[in-house]
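Hello,

Here is the structure I promised to pass on. Please open it first, then read the notes below.

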Amino acid sequence: MFNSTHLSSLLDCGQTLRGTSGTITSPNYPSYYPNSASCVWTITSNPGTQIKLSFSTFYLESGGSTCSNDYLMVRDGTSPFSRIIRKLCGSTKPDIIVASGNTLRLEFRSDSSVTYRGFRAVWSARPVLVVVVVVVVVAAAVVVVVVVVVVVVVVVVVAVVVVVVVVVVAVVEVVLVEVVVVIEVVVIVVVVVVVVVVVVVVVVVVVVVVVVVVVTAV
Ligand SMILES: [Ca+2]
């Protein structure tokens, strides 16, 4: 952070960075960078995060597709052998660069002639996308499970209520039918009994009358 721009103008510059965010500029920025500079910045943020790098200024000497003059190399890690994400040069402001993890390495080189304003980049750590996706998926799964459980509970409750109602209605109907049958049987029995009684009474009366008549006649 306090590396000397005078020293950096010789050959060596850069720094080791840790934390959640920061700013990186080429030597002497916003003045022109020196010739024959070699700077290395390594960034390490908290585990579980990934580093995002965005440029607000970018103005290096161009050098064709291989950036053969001045360049800024961005590597996915802190080692000089880490995977190269981009090798940048020229005056086109690069797109945002995102490391796969919580480390990033920037290497700036300038050759022996022609310098420009250089670059200014802001880096920040953000939660790894995979973690975000997992959190979202888990949250969605929890919501789905809750909804399914609620639906199942509602369906079960409704089904139980319907079954109970059907059973009650069926029982009531059966009972009613049985009551009707009993009433019918009782009515029939009563009618039969009444008829029998009436017939018996009539026969008895007729017999009595006949006996009385015969006796009186005699
Ligand atoms: Ca140059």
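The chain has 2 helices and 10 strands (DSSP runs, H or I of at least four residues for helices, E of at least two for strands, numbered from the N terminus). Along the sequence they run α-β-β-β-β-β-β-β-β-β-β-α.

This is a predicted model: local features need pLDDT of at least 70, side-chain atom pairs count only at pLDDT 80 or more, and totals for chains, interfaces and linings use all residues. Residues are numbered from 1 along each chain as its sequence is written, and side-chain values use heavy atoms, without hydrogens and water.

Overall shape next. The C-alpha atoms fill a box of roughly 170 × 30 × 30 Å along the principal axes. Buried residues make up 26% of the 218 residues.

Asp70 lies in the loop between β5 (49–59) and β6 (71–75), and Ser113 in the loop between β9 (103–109) and β10 (118–127). This pair is 43 residues apart and links distant parts of the chain.

Is each of the two buried or exposed? Asp70 is buried, at 0% relative accessible area. Ser113 is partly exposed, at 36%. (Buried means under 20%, exposed over 50%, partly exposed in between, with a 1.4 Å probe and protein chains only.)

Best wishes
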